[in-house]
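Here are a few notes to read alongside the model, written for a colleague who likes to check things by eye. Please have the viewer open as you go.

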Amino acid sequence: MNSMNSMKRAGLAGLVTLALAMSAASPSHSQPSGQPAAIPPEKPLTPKVAATPEPPAPSASAPRAAVALTAADLEAWLDGRVAYSLEAGDIAGAVVSVVKDGQVLFQKGYGYADVKAKVPMSAETSMVRPGSTSKLFTWTAVMQQVQAGKLDLDRDVNDYLDFKIPQTFGKPITLRHLMNHTAGFEEGLKDLLAYDPKLAPSNEDYLKQHPRPMLFAPGQAPGYSNYGVALAGYIVQRVSGEPFDAYVDRHIFQPLGMQHSTTAQPLPEKFAPFIAKGYRQASDPAPSPFELVVTAPAGSGSATASDMARFMLAHLQQGKFNGAEILSPATTALMHSPSAQARSGFNVMAHGFFREFRNGRTLLGHGGDTIVFHSDLSLLPDEGVGIFVSFNSRGKDSAVYLARKALMEGFLDRYFPGKPVVDAPALASAPKDAQVIAGRYQTSRRVEHGFLSALYLMNQTVIAANPDGTILAPSGPTGEMATFREVAPQLWRKQGGMQELALADVDGVKTVIDSENPVSVLQEAPFLRSAPLTLSILGLSLLVLAGALVAWPFGALLRRADRATSGTSAALHRLRRWQRIAVVVDLVYVTAWLVLIMPVLSTDLAIYNGGNDWLFGLMQLSGVFAIAAAIVGVWVAWKLFRVDATRLTRVWGVLVALALAGIVWIGVVGQLMAFNLNY
């Protein structure tokens with residue numbers, strides 16, 4: 001499930017600072033962080049210039065020697081690394097399972113499944129929430145139905161539904177589009193997560209009541225979509241004739257002996273003693289409630305690390321485990337093969353799996369994040385190895401993201417090291433080309449309709465050109481900035497690493513493709529939706545309005561202290577009163593929206609549910625008051641030139657009027673005044 005970068009809460013006085021922080025941060029990928037960028041098969045993202053890169057200089061350093069992957073060495077290595085991550089990150093617990101050559105090599109729990117009761121994490125019995133790693137259950141189910149001849153990956157999904165997905169761009173959406181996250185759906189956060197079952201609609205109701213607008217034509221650009229995966233799960237339910245949860249249990253969990261696994265929500269009573277509690281931080285006084293993922297096929301799973309080992313073994317052994325076959329060898333091979341065209345060296349989707357290339361090896365996997373559980377699953381099919389890890393806390397300052405990344409990368413570097421990285425020489429045209437890619441971008445995974453559009457409007461990514469021709473761009477799970485060097489025309493490689501950024505053109509829009517992320521791209525933000533413009537208007541408007549609010553009592557005190565010169569006409573007094581009312585109305589309006597958007601900043605998404613439609617509807621209607629305040633402000637500024645007022649008073653009246661109009665601008669561009677409850 002999706003995660004935005006952590007941001008500190010702020011009150012009214014710090015709203016400008018908050019908005020600037022949001023602008024500087026780059027969105028992180030939720031499943032998994034930093035995954036690859038795919039090029040759709042229908043219309044490849046063609047680079048602006050094609051050329052053969054210069055050969056890299058020969059390496060002077062020796063390749064790192066691999067450590068033999070044994071249970072003893074793995075346990076010693078993990079015991080130190082995981083224990084440190086839990087302690088340093090204020091994380092309650094973790095589970096790890098590793099398989100090799102058809103056997104479970106290692107599985108172990110660390111820390112606590114219940115901090116207060118001191119219940120230890122157990123790989124065999126502690127059920128964790130894999131989040132979007134659960135999508136692999138859904139995609140396996142889809143491939144089972146493809147194998148049975150009931151589904152065609154390239155057929156219009158409307159042929160399998162009892163409602164219609166509009167063909168906004170005149171092209172049908174297929175299951176292959178859903179698997180590649182190239183259906184073109186806009187992101188949606190409403191009713192995505194709940195704690196109260198009464199506020200959690202069924203997957204079917206969610207799909208029918210929350211249709212997602214289309215941002216792109218199918219196959220045009222990737223945009224990670226929980227809605228699309230939920231749609232695929234519903235299709236499995238319809239063509240199989242079984243409820244989705246029952247289907248997965250009968251056709252995947254039971255054959256593999258996954259006795260402590262379910263996709264059912266709320267959690268069935270028989271599993272209650274086994275579920276690990278989730279925490280924002282291990283030091284929190286109480287755990288978080290059980291998270292209900294409304295788009296169930298996209299992330300509702302609960303499973304033990306031991307059960308996930310069985311699932312990994314089945315996929316590593318041509319769909320078979322302990323005599324059970326969940327997929328035929330041919331279907332397994334198809335599922336693990338690329339399902340989209342990709343640039344050379346760029347990662348790609350493989351029928352629901354992320355297909356990556358690390359340390360010279362092919363990896364198949366999927367990460368997953370709920371609010372408090374954070375997991376990852378990676379298979380090395382050529383080596384017959386798989387690893388699953390799950391943490392049950394977000395940790396201090398979202399420490400879990402770096403802890404998970406360090407563990408997975410450390411595992412590969414220790415047991416399957418790659419060749420030393422050699423930075424290729426930069427091109428002579430690098431300084432000029434750096435200016436071309438430099439700019440401000442918005443992610444293709446975004447909300448453009450509804451009030452949360454304002455948040456995405458200000459949460460844009462900046463790529464900056466350095467004087468030496470290199471560029472600074474986001475890299476890693478928390479979006480930290482890294483230096484990239486141009487190694488071929490319109491192709492930049494991270495210094496000391498293998499991540500690449502390619503500049504492409506998608507229907508006339510400048511687009512940056514990340515080699516490690518096949519589920520979204522960066523698109524140049526249009527001027528009217530650019531964060532600098534928005535933040536400048538917002539910041540200056542709030543500065544003036546706050547100044548007007550502070551000047552009110554100070555002005556009264558000064559006039560009281562200087563009785564001889566404090567007289568004002570009745571007309572000027574009335575105008576000041578109307579101006580103050582308009583200022584207060586706008587500040588209350590902005591503060592109320594900030595309170596409603598704060599849950600996204602803290603990732604407490606449960607507030608965004610249909611039960612609160614009345615509240616969000618009222619807030620959107622309240623935009624009328626902001627418009628009225630702006631009209632009053634303009635009227636006051638105009639009248640000030642027709643009464644006995646000082647030049648400073650008149651100039652200040654104009655500034656206040658512009659500030660009030662600026663808030664209306666933010667409301668219109670940010671969709672705060674759009675009467676849309678499908679966000």
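This is a predicted model: local features need pLDDT of at least 70, side-chain atom pairs count only at pLDDT 80 or more; totals for chains, interfaces and linings use all residues.

1. Start with the barrel. Eight strands close it in the order S13-S14-S15-S16-S17-S18-S19-S20, with antiparallel pairing. On average, neighbouring strands of this sheet are turned by 35 degrees against each other, direction ignored.

2. Spanning residues 509-514, S19 is mostly covered, with five of its six residues buried. On one side, S19 pairs with strand S18 (residues 500-506) in the antiparallel sense over six bridges. Ile513 in S19 is the bridge partner of Ala502. Two residues lie between the strands in this hairpin, and Asp507 there has a positive phi near 50 degrees.

3. S19 also has a partner in strand S20 (residues 522-524): the two run antiparallel and are joined by two bridges. Here Thr511 is found opposite Gln523 of S20.

4. Phe641, Val651, Val654, Leu655 and Leu658 make a nonpolar patch of about 430 Å². Phe641 sits in the loop between helix H16 (623-640) and helix H17 (647-669). Its relative accessible area is 47%, so Phe641 falls in the partly exposed class.

5. On charges, the whole structure has 20 salt bridges. As background, side chains of opposite charge can pair when their charged atoms come close.

6. Arg155 and Asp159 form a salt bridge with their closest N and O atoms 2.9 Å apart; Arg155 is partly exposed at 41% relative accessibility, and Asp159 is partly exposed at 44%. In the salt bridge of Arg358 with Glu356, the closest N and O atoms are 2.9 Å apart. There, Arg358 counts as partly exposed at 23% relative accessibility, whereas Glu356 counts as buried at 3%.

7. Finally, which residues are linked in a network of salt bridges? They are Asp162, Glu204, Lys208 and Arg238.

Definitions and conventions:
Residues are numbered from 1 along each chain as its sequence is written. Side-chain values use heavy atoms; hydrogens and water are left out. Buried means under 20% relative accessible area, exposed over 50%, partly exposed in between (1.4 Å probe, protein chains only). Helices (H or I, at least four residues) and strands (E, at least two) are DSSP runs, numbered from the N terminus. Two strands pair if DSSP finds at least two bridges between them. Patches are made of residues with over 30% relative accessible area and no salt bridge: like charges are joined within 9 Å, nonpolar side chains (Val, Leu, Ile, Met, Phe, Trp, Tyr) within 5 Å. Accessible areas come from the Shrake-Rupley method with a 1.4 Å probe; for residues, only the protein chains shown count as cover. A salt bridge is a side-chain nitrogen of Lys or Arg within 4 Å of a carboxyl oxygen of Asp or Glu. Axes are lines fitted to C-alpha atoms, for helices over the stretch in contact, and angles run from 0 to 180 degrees between N-to-C directions.
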